[in-house]
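Welcome! Have a look at it first, then work through the steps.

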Amino acid sequence: MKANLRIGICQMMVVDDKESNLRKAREMIRKASRQGCNLVVLPEMFNCPYESMAFPSYAEPIPNGETSLLLSRTARDEHIYLVGGSIPEIDSGGRIFNSCPVFGPDGQFLGCHRKVHLFDVDLESGLSFRESDTLKAGNNLTIIPTPAATLGILICYDIRFPELSRLLSLSGVQVLVVPAAFNTTTGPAHWEILLRTRAIDNQVFVVGAAPATNPVASYHAWGHSMVVDPWGSVLASTGSTETVLWADLDLSRIEQVRKALPLLRHRRTDLYTLKRR
Ligand SMILES: NC(=O)CC(=O)C(=O)O
């Protein structure tokens, strides 16, 4: 297989201490880079516990806050593309978002995705979460063109809404990058199925980057970071512990799969359409 993109996922354990999280992220990014990765992805809320009430005190501006500056420097030092998972972002009006900043190999800020769908749920297992208690929703689709690949960014719950992935794919996205933090209720039930389904539906690569399970955290992340190819095959996956995972993406696979099974061409747009507002 001809590889043209080696993608690394830092499945890090997030703790209730920003400086420790930043140190761990940098260490794991460097490890991925030493393994030859030219695109490295962090998980959702990698600098902050995944707790609504923690978001305001951990929030920072993007791209000039402490975390963004560290990511930019690390991307430049390692000469990699870096998808900065997500962090709580505070804007000039004091609004807080769940946001994913992306940096290029010169450290340049390439863009930012603000989570569009907020995770407000009361699960039968007893797990309740209400991101909207402290966060606002983003209003944009996020496409990051790079010479290596065109990336589309989704954050966690966004993956459950197929319209978003389809719109991104129809706009030329080749790799859906999904920093996420599914939990031990929804993770075993839905995580792998959703990642593989979005890959199969859209015939794109899907990269799911999750935190490792932290047994002392209030929210138990499921881990199981994964890379899926456009046929829905799992190229790399892991369990719940801290690890750096990597996979080689051969982007020509997208055209091969689309040629053999022309799903996107076979859509009946005379019967139905998907409109971006
Ligand atoms: N944490 C999320 O945003 C989403 C999630 O855990 C799920 O959809 O399940």
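## Getting oriented

The unreviewed UniProt entry annotates residues 5–251 as "domain: CN hydrolase" (UniProt positions are given in the numbering used here, feature names are shortened, and annotations may be inferred rather than shown by experiment). Residues are numbered from 1 along each chain as its sequence is written. This is a predicted model, in which local features need pLDDT of at least 70 and side-chain atom pairs count only at pLDDT 80 or more, while totals for chains, interfaces and linings use all residues. The mean pLDDT of the chain is 97, with 99% of its residues at 70 or more (pLDDT is the predictor's confidence in each residue, from 0 to 100). The scores of the model are ipTM 0.98 and pTM 0.97.

## Exercise 1: The strands around β11

Task: work out which strands pair with β11, and in which sense.

Solution. Step 1: start with β10 (residues 150–153), which pairs with β11 in the parallel sense over 3 bridges. Here helices (H or I, at least four residues) and strands (E, at least two) are DSSP runs, numbered from the N terminus, and two strands pair if DSSP finds at least two bridges between them. L151 has V175 as its bridge partner in β11, and I153 stands opposite V177.

Step 1: turn to β12 (residues 205–209), which is parallel to β11 over 5 bridges. P179 is partnered there by A209. Right-handed means that, with the strands pointing away from the viewer, the path from the first strand over the helix to the second runs clockwise.

Step 2: go back to β10. Together with helix α4 (residues 162–170) and β11, β10 forms a right-handed β-α-β unit. Strand β9 (residues 142–145) runs antiparallel to β10, joined by 4 bridges, and a hairpin of 4 residues links β9 to β10.

## Exercise 2: Buried or exposed?

Task: decide whether strand β11 is buried or exposed.

Solution. Step 1: apply the cut-offs. A residue is buried if 20 or more other C-beta atoms lie within 10 Å of its own, exposed if 12 or fewer, and partly exposed in between, with C-beta atoms placed from the backbone.

Step 1: count. In β11 (residues 175–179), 5 of the 5 residues are buried, so the strand is largely enclosed by the rest of the structure.

Step 2: check each face. In a regular strand the side chains alternate between the two faces of the sheet. V175, V177 and P179 are buried on one side of β11, and L176 and V178 on the other.

Step 3: contrast this with L123, which is exposed because it has 12 other C-beta atoms within 10 Å. L123 sits in the loop between β7 (120–122) and β8 (128–130).

## Exercise 3: Who surrounds the ligand?

Task: find the residues around the ligand and sort them by type.

Solution. Step 1: list them. They are F119, C156, Y157, R160, A181, F182, N183 and T186, where a residue is near if its C-beta atom, placed from the backbone, lies within 6 Å.

Step 1: sort them. The shell has 5 nonpolar, 2 polar and 1 charged (Ala, Val, Leu, Ile, Met, Phe, Trp, Tyr, Cys and Pro count as nonpolar, Asp, Glu, Lys and Arg as charged, and the others, Gly among them, as polar).
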